[in-house]
Amino acid sequence: MDSLTERTPRVVSAVKLLRAAERRKTGLFLAEGSNAVTEAVRAGVVVELFFREDSAERNGVVLDLAHAEGVRTHPITERAAKGLSDTVTPPGIVAVCRAVDVDVTAALVGTPQLVAVPVEVSEPGNAGTVIRVADAVGANSVVLLGDSVDPHNGKCVRASAGSLFHLPIARERSVDTGLDALRSSGLTILATAADGEVDLDDADELLSGPTAWLFGNEAHGLSPSVAAAADHRVRIPIHGRAESLNLATAAAICLYSSARAQRRSAHK
């Protein structure tokens, strides 16, 4: 089989998915790299897969998995691989996937115990890292509120390191609707705040119950109205000279603290 070129209709259509408007229009997105593609295949969301012909041996495991799952695979030229990637050094394997985001009610189905809630987050790398951390600590889902970044953005997909395919990801443009849904699911809503009335070091009892953590925009944090709408505002104590923590680091600390408190409570 000849390798598909950058002018092949299938490749041309896939390249368009680098644009947010095309992703919204088609309900499809790209996942690149062996790790992300493997997890996408396992999740059953891959429509078709492109691989640079000279990478077939290196990506043999994921290609075998794709074949076993009945996924169409296409060898492509190096130039086509570059066109399908938004990275400086394309990994040589890209999957066209069905969008994975769900309605907020679907993300909160059952009795969720821990939910990560980035609010108005604009940096895709941070959003992807929060998804990865949420997956690592065993959170039930991630709910992106307000005008947040598209989780299908290439940088977000890469930063999630495959976790995008492991747990429900919801987007809700209305912050108020999202907060109502979290509260209706029995979750205590906690907001990260530098001047919070609760110190994270003293919050184990609070964290041991079903919890949703609100994490604010990278530049401005949570708006005063959103922070005020939370049940509690929690500050992360900083004992050194750092002025503050970035979004992804704060999310990792808070989500891990909740997961640990919940495990301890369950074992009592």
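**Exercise 1. Work out how α7 and α12 are oriented to each other.**

Solution. Helices α7 and α12 are roughly parallel to each other, a label given to angles under 35 degrees. The angle at which helix α7 (residues 124-137) packs on helix α12 (residues 247-266) is about 15°, and their axes are 9 Å apart. Here axes are lines fitted to C-alpha atoms over the stretch in contact, and angles run from 0 to 180 degrees between N-to-C directions. Helices are DSSP runs of H or I with at least four residues, strands are runs of E with at least two, and both are numbered from the N terminus.

A note before going on: this is a predicted model, in which local features need pLDDT of at least 70 and side-chain atom pairs count only at pLDDT 80 or more, while totals for chains, interfaces and linings use all residues. Residues are numbered from 1 along each chain as its sequence is written, and side-chain values use heavy atoms, with hydrogens and water left out.

**Exercise 2. Find the residues through which α7 and α12 meet, and sort them by class.**

Solution. Start on α7, where N126, T129, V130, V133, A134 and V137 take part. Their partners in α12 are L247, A248, A251, A252, L255, Y256 and A259. Contact means heavy atoms within 4.5 Å. Sorting these residues gives 11 nonpolar, 2 polar and no charged. In this scheme Ala, Val, Leu, Ile, Met, Phe, Trp, Tyr, Cys and Pro are nonpolar, Asp, Glu, Lys and Arg are charged, and the others, Gly among them, are polar.

**Exercise 3. Describe how α3 and α4 pack.**

Solution. Helix α3 (residues 34-43) meets helix α4 (residues 60-68) at about 20°, with axes 10 Å apart. The two are therefore roughly parallel to each other. On α3 the contact uses S34, V37, T38, V41 and R42, and on α4 it uses V62, L65 and A66.

Notes:
Angles under 35 degrees count as roughly parallel, over 145 as roughly antiparallel, 65 to 115 as roughly perpendicular and the rest as oblique.
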